[in-house]
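Subject: Structure handover

Hello,

Below is the structure I said I would pass on. Please look through it before reading the notes that follow.

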Amino acid sequence: MIALDSVLLRPRANESRRFRFVRPRVREPFIPMAPFYQNGLKFQCTRCGKCCTGEPGYVYVGSAESERLASHLEISVAGFYLKYVRKVPGGFSLLERRDGSCIFFDEGCLVYGSRPRQCRTYPFWEENLGSPERWELEARQCEGIASGPLHSGNRIEEMLAGTEGTGV
Ligand code: SF4
């Protein structure tokens with residue numbers, strides 16, 4: 001299809017001030033691009049703890065996650081909320097210590113098998129998968145990115161949709 005938007009360019013310095021018309025460009029049909037991770041991405045958590053410590057942040061927990069964590073800790077859900085959860089904008093988050101570390105981090109995750117979905121799906125988050133450059137940037141923060149098993153594009157989509165955890 002020929003684009004109708006012939007482009008008007010400004011004249012060069014030594015040209016007269018009349019406009020020059022540029023030949024119309026052939027516009028390619030729009031084809032949605034496959035995500036860069038369609039062939040999978042490598043990741044293996046080394047449990048270095050870098051993402052569980054440092055800058056303050058939120059680790060959101062919903063009701064199902066709270067029930068699972070309470071069960072893991074063998075306490076009531078109400079007790080779990082009282083002891084380990086705070087209200088934050090957008091929901092409830094696990095408490096953290098003064099230094100920013102997660103309340104459940106102590107030389108490793110103390111509730112690893114029952115950790116919240118946010119932790120299970122990291123680093124396969126939308127904000128990290130926007131482009132290869134963004135993924136590479138995140139790899140500077142997380143030593144597990146680009147090593148270990150390959151997670152297929154389908155599995156990554158599942159994690160983005162919130163229907164699967166990494167389990168790694
Ligand atoms: S996800 Fe990455 S930064 Fe977090 S503990 Fe695992 S390897 Fe370390």
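The model is predicted.

Overall layout

Five helices and six strands make up the secondary structure of the chain. In sequence order they give the pattern β-β-β-α-α-β-β-α-α-β-α. The chain has 168 residues, of which 18% count as buried. Taking contacts between residues at least 6 apart in sequence, 62% join residues at least 24 apart.

Cores

The largest nonpolar core consists of 12 residues: Cys52, Val59, Val61, Leu69, Phe80, Tyr84, Val85, Leu94, Cys102, Phe104, Cys119 and Tyr122. Another core, of seven residues, lies apart from it; Leu129, Ile145, Ile156 and Met159 are among its members. As background, nonpolar side chains in soluble globular proteins tend to be buried together.

Valine 61, with neighbours within four places in sequence left aside, is in contact with Ser66, Leu69, Val85, Phe92, Ser93, Leu94 and Pro116. Leucine 69, found in helix H1, touches Val61, Phe80, Val111 and Ser114 when residues up to four places away in sequence are not counted. Leucine 69 counts as buried because 21 other C-beta atoms lie within 10 Å, and the threshold is 20 or more. Of its contacts, valine 111 is 42 residues away in sequence, with a C-alpha to C-alpha distance of 7.3 Å.

Helix H1

Which residues of helix H1 are buried? In H1, which spans residues 63–73, they are Glu65, Arg68 and Leu69. These residues lie on the same side of H1, because the arc they cover around the axis is only 95°. Residues three or four places apart in an α-helix point the same way, since there are 3.6 residues a turn. Ser63 and Ala64, on the other side of H1, are exposed. The buried residues of H1 pack against H3 and helix H2 (77–84). Just past the end of H1, glutamate 74 has a positive phi of about 60°.

Strand S4 (residues 85–88) pairs with strand S5 (residues 91–94) in the antiparallel sense, over four bridges. Valine 85 is opposite leucine 94 in S5, and both belong to the largest nonpolar core. Valine 88 has glycine 91 in S5 as its bridge partner. The two strands form a hairpin with two residues between them, and in the turn glycine 90 has a positive phi of about 95°.

Arginine 120 lies in helix H3 (residues 117–121). The C-alpha atom of arginine 120 is separated by 8.9 Å from that of methionine 159, which is 39 residues away along the chain. Methionine 159 is among the residues of the seven-residue core.

The peptide bond from tyrosine 122 to proline 123 is cis, with omega near 5°. Proline 123 sits in the loop between H3 and helix H4 (132–139).

Ligand surroundings

Around the ligand are Cys45, Thr46, Arg47, Cys48, Gly49, Lys50, Cys51, Tyr122, Cys142, Glu143 and Gly144. By type, this shell divides into five nonpolar, three polar and three charged residues. Tyr122 is also listed in the largest nonpolar core.

Arginine 47, one of the residues around the ligand, is found in the loop between strand S3 (41–43) and H1. Arginine 47 counts as exposed because it has 12 C-beta neighbours inside 10 Å, and the limit for exposed is 12 or fewer. Its phi is positive, about 60°, although it is not a glycine.

Another positive phi

Alanine 146 is also a residue other than glycine with a positive phi, here near 80°. Alanine 146 belongs to strand S6 (residues 145–151) and is partly exposed, with 13 other C-beta atoms within 10 Å.

Regards

How values were computed: Residues are numbered from 1 along each chain as its sequence is written. This is a predicted model: local features need pLDDT of at least 70, side-chain atom pairs count only at pLDDT 80 or more; totals for chains, interfaces and linings use all residues. A nonpolar core is a set of buried Ala, Val, Leu, Ile, Met, Phe, Trp, Tyr and Cys residues joined through C-beta atoms within 7 Å. Two residues are in contact if their C-beta atoms, placed from the backbone, lie within 7 Å. A residue is near a molecule or strand if its C-beta atom, placed from the backbone, lies within 6 Å of it. Ala, Val, Leu, Ile, Met, Phe, Trp, Tyr, Cys and Pro count as nonpolar, Asp, Glu, Lys and Arg as charged, and the others, Gly among them, as polar. Two strands pair if DSSP finds at least two bridges between them. The arc is that of the directions from the helix axis to the C-beta atoms.
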